Amino acid sequence: MSAKPIIEIVNMTKLYRMGDSVVRALDGVSLRIDEGEFVSITGASGSGKSTMMHLIGCLDRPTSGSYLLAGERVDKLNDRKLAEIRNRKIGFVFQTFNLVNRTSALDNVILPMVYARRGGNTRAMAMKALERVGLAGRARHRPNELSGGERQRVAIARALVNNPPLLLADEPTGNLDSRTGEQILKLFHELHREGVTIVLVTHEMAVAAQAQRVIRMKDGHILEDRRVDHEYRQELLASGMRATLHDHVLERPAVVEDVP
Amino acid sequence: MFFIQIILMSLRGLRANLLRSLLAVLGVIIGVGAVISAMSILEGTERDLRERFESLGSETLMVTPAVARQAGRAGGLIQTLTVEDAEALLDPKRCPHVKAAAPEVSGMVLAKNLSRNTEVTVLGTNEAYAEMFNYRVAEGQGRFLTRDDVASEQKVAVLGHEVAQKLFGNVPPVGRDVRLKGIPFRVIGVMEQKGYIGFRSVDMQVCIPITTAMNRLFGIKRITGINVRADGAANVGLATAEIKRELRRRHDIRLREGAQDDFNVMSQEEMQRQFSDVTKIMGFVLYSIAGISLVVGGIGIMNIMLVSVTERTREIGVRMAVGAQRWDILKQFLIEAGVISLVGGGLGVVIGFGMTDLLTTTTENLVRTHTSGAVIAYALGMAILTGVVSGLYPAFKASRLDPVEALRYE
């Protein structure tokens, strides 16, 4: 296992002001994730996992603490620098896909390259990214002409197109039926095998159990940070709400065929 | 590529909400239409005036009766000018810089040839008039008035181009009779087509000796003005002074004793200046109206842009997540506002052309218009500027969104 860290968070705190009271969304969290890892962050709503996602994704800045992303200190960067970091170092996958509906799948994938001011043949690069997620044939379609699974694949292609060192997925299967969700998770496994570092934020234990390592959060703290072995997986599934639906996937996680 | 993508995207957005977009740009359409019409009218009028003044020639002076002033109020005209005044101006000792003088009286009269008749302006003048304004007799169509015609009070007439057409058609009029107020006049010449001299449309004019006009046709003793030509444009000032001195002497006006001139002398340049004041005021009024329409148009654009920003909050969040700078978002919405208003502006140009055309036709060319490329470019430029200025606040608002909040927006 490579020991090169991609995320190094030390004593990170995030406070929100809600009217007169202050909410401690993250309370002194430290965390290290290495290159090539597939990590889940899980917890009930209000546990701080969304805040964690926003901070890891450089969508927000911590109130205190330090954050090194791929060796670069990012906790105190200005908006401009943060946008640049998001563009180059992080690929986002969202629950609701968040594609720009008025443009084609291809244009959606091109978008991060546009903001990166990348020259060269961006169309060809976008096509390659779509091929990687098995959607080359749908490049010209608008998001509303695609199924949920296809949309999420477009979003993954978009997340990968700038070759970021980190793929950050926020409930990527939350809006998909179980079979499509499995396919997306299978794609994650494939990408992981190809060397992509994946951080998956989810409240579903069964989904979280797909990762190599699960970080469970509660009340702004890390409750548990553990490698997933067979025993732990069973435990997670037992506590998961949709465990039964995912059982059979787990028995053969890498070889689910696409159903024509 | 970014630029073109944004333009294409905003056009798609416009088409997706066609009715809403149309209503939003209605203000810009009307505004640009108003700008185009206003500028066309103004430019047409200015051209018209310039041509008219140029037709007078820069060496021309006009002597007209003064407006009577009683206790500061304007009254009627002081009609004291006579044919003899006009002749006196030709005295080389008293007025060395006056080259020619043509006195005039005029009135609307019914002209008749057999069963055809038409309303014409009869201009009583002398032999100097035609040459003074470079107004020529049509090729092979007789001659203009002579000194003898004026001296012997001949009942002869020189027809304007259109008068000849209307009364005689294809028949050569020279040698035939035309009846003015029932009195027969022998046609001695037909003038070439000219348009106008100053503010007089000479093609619908009939020139007769001033003596005949005063004594036989109108029965008046005073003339309505004297057209004077100075001997060179540089000497207009000198000629003006000479004319004033001579007329004061003749009319026994003593300024030192508090008397006032009973006449005005105005050069072509002065007349032009007076009218340019009028066109300036006209321009100000027209531009104000056009400007107000554009402001209203801008409000429409701002409104649709604010709606658009709210509707697309999540999209803005996504763009920020994948790396858009605040400046990229600002730029996108500004370009969109610009594109929307440019589309409105394009429609406005069409409307403007229509309005201008309608105005010219309904007033039968009385209002002259001229729509130049510069006018269109200016109007479109104003439209884009309006759009961008109106889009500034919504675009700023979009660019200041918090990415986390924007992504959460339902």
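How many nonpolar, polar and charged residues does the lining of the largest cavity have?

1. Basis of the note. This is a predicted model, in which local features need pLDDT of at least 70, side-chain atom pairs count only at pLDDT 80 or more, and totals for chains, interfaces and linings use all residues. Residues are numbered from 1 along each chain as its sequence is written, chains are lettered from A and ligands numbered from 1 in the order in which they are written, and side-chain values use heavy atoms, with hydrogens and water left out.

2. The largest cavity. The lining has six nonpolar, three polar and two charged residues (Ala, Val, Leu, Ile, Met, Phe, Trp, Tyr, Cys and Pro count as nonpolar, Asp, Glu, Lys and Arg as charged, and the others, Gly among them, as polar). The whole structure contains three cavities of 30 Å³ or more, and about 60 Å³ of space lies in the largest. A cavity is a set of points, on a 1 Å grid over the protein atoms alone, where a 1.4 Å probe fits but cannot get out; lining residues have an atom within 4 Å of a point. The volume is the space filled by probe spheres set on the points, which are joined across faces, edges and corners.

3. Residues around the largest cavity. Chain A supplies A:Arg86, A:Asn87, A:Ile90, A:Gly91, A:Phe92, A:Pro112, A:Arg158, A:Ala159 and A:Asn162, while chain B supplies B:Ala321 and B:Val322. Helix H2 (79–89), strand E6 (90–93) and helix H5 (148–160) of chain A each give two or more residues to this lining. E6(A) gives the most, with three residues. Helices (H or I, at least four residues) and strands (E, at least two) are DSSP runs, numbered from the N terminus.

4. The second largest cavity. About 40 Å³ of space lies here. The lining consists of A:Val100, A:Thr103, A:Asp107, A:Asn108, A:Leu111, B:Gln5, B:Met9 and B:Arg319. Two or more residues come from helix H3 (105–115) of chain A and from H1 of chain B, and H3(A) gives the most, with three residues. By class, this lining has three nonpolar, three polar and two charged residues.

5. Helix H10 of chain B. Eight of the nine residues of this helix (residues 313–321) are buried, so the helix is largely enclosed by the rest of the structure. Buried means under 20% relative accessible area, exposed over 50%, and partly exposed in between (1.4 Å probe, protein chains only). The buried residues are B:Thr313, B:Glu315, B:Ile316, B:Gly317, B:Val318, B:Arg319, B:Met320 and B:Ala321. Just after H10(B), B:Gly323 takes a positive phi of about 120 degrees.

6. Helix H7 of chain B. In this helix (residues 210–218), the buried residues include B:Ile210, B:Thr211, B:Thr212, B:Ala213, B:Met214 and B:Leu217.

7. Salt bridges at B:Asp328. Over all chains, 43 salt bridges are found (a side-chain nitrogen of Lys or Arg within 4 Å of a carboxyl oxygen of Asp or Glu). In one of them, B:Asp328 pairs with A:Arg117, with the closest N and O atoms 2.5 Å apart. This pair crosses between chains, from helix H11 of chain B to the loop between H3 and helix H4 (122–132) of chain A. B:Asp328 is buried, at 0% relative accessible area, whereas A:Arg117 is partly exposed, at 48%. B:Asp328 also forms a salt bridge with B:Lys331, at 4.0 Å between the closest N and O atoms. B:Asp328 and B:Lys331 are about one helical turn apart because three residues separate their positions in H11 of chain B.

8. Other salt bridges. The side chains of B:Arg249 and B:Glu246 meet at 3.0 Å, N to O. Both residues lie in helix H8 (residues 236–251) of chain B, three residues apart. An α-helix has 3.6 residues a turn, so residues three or four places apart point the same way. B:Arg249 counts as partly exposed at 46% relative accessibility, and B:Glu246 as buried at 4%. Elsewhere, a network of salt bridges links A:Arg102, B:Arg312, B:Glu315, B:Arg319 and B:Glu336.

Definitions and conventions. 1 Å grid on protein atoms, 1.4 Å probe; cavity = no way out; pocket = protein on both sides within 12 Å on 5 of 7 lines; lining within 4 Å.
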